[in-house]
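Please consult the sequence and the coordinates alongside the text.

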Amino acid sequence: MNEPTYKVLKLTNGENIICLASNELIDGKYEIELPLKMEVISRPTKNGSVESLNLSRWIGPYTEQSLFSIKLSHVLTIADASEGLSRYYEHVRREITRV
């Protein structure tokens, strides 16, 4: 991959993932590495609902693979991750690999 950066991908199935990716397509596919699924979770509190971001393994425990190809037609949009989200992603990745 050429100059990889953290990207947020919105997929056609509704999932959002953050991963390491380049801006280049290879054979009409994005090559992504170390993807994590993004989910916003609402929790009720005394002061109302609070939302938090949960990051989990995208394909779950089904594979030890870390490099994936996603067809361009399965991606609705792709954007650079914010600095704060990038730091959170790095933290979660470190925690997952320690387990």
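The protein exposes about 6700 Å², and carbon and sulfur atoms supply 50% of that area; accessible areas come from the Shrake-Rupley method with a 1.4 Å probe, and for residues only the protein chains shown count as cover. This is a predicted model, in which local features need pLDDT of at least 70 and side-chain atom pairs count only at pLDDT 80 or more, while totals for chains, interfaces and linings use all residues. Residues are numbered from 1 along each chain as its sequence is written, and side-chain values use heavy atoms, with hydrogens and water left out.

**Overall architecture**

- The protein contains six strands and one helix, where helices (H or I, at least four residues) and strands (E, at least two) are DSSP runs numbered from the N terminus.
- Read from the N terminus, the order of elements is β-β-β-β-β-β-α.
- Along the principal axes, the C-alpha atoms fill a box of roughly 50 × 30 × 30 Å.
- Of the 99 residues, 29% count as buried (buried is under 20% relative accessible area, exposed over 50%, partly exposed in between; 1.4 Å probe, protein chains only).
- Among contacts (heavy atoms within 4.5 Å) with a separation of 6 or more, 50% come from residues 24 or more positions apart.

**Charges and salt bridges**

- The mean positions of the 12 positive and 13 negative charges are 8 Å apart; Lys and Arg count as positive, Asp and Glu as negative, and His and the chain ends are not counted. Each charge is placed at NZ of Lys, CZ of Arg, CG of Asp or CD of Glu.
- There are three salt bridges, each a side-chain nitrogen of Lys or Arg within 4 Å of a carboxyl oxygen of Asp or Glu.
- Asp80 and Lys7 form a salt bridge at 2.4 Å, N to O. Asp80 is exposed at 55% relative accessible area, whereas Lys7 is buried at 6%.
- Lys37 pairs with Glu15, their closest N and O atoms being 3.7 Å apart. Lys37 is partly exposed, at 22% relative accessibility.
- Arg87 pairs with Glu83 at 2.8 Å between the closest N and O atoms. Because they are four residues apart in helix α1, about one helical turn separates Arg87 and Glu83. Glu83 is exposed, at 61% relative accessibility.

**Ser86**

- Ser86 lies in helix α1 (residues 83-98) and counts as buried, at 11% relative accessibility.
- Beyond neighbours within four places in sequence, Ser86 contacts Tyr6 and Ala81.
- From Ser86 to Asn23 the C-alpha distance is 17 Å, across 63 residues in sequence.
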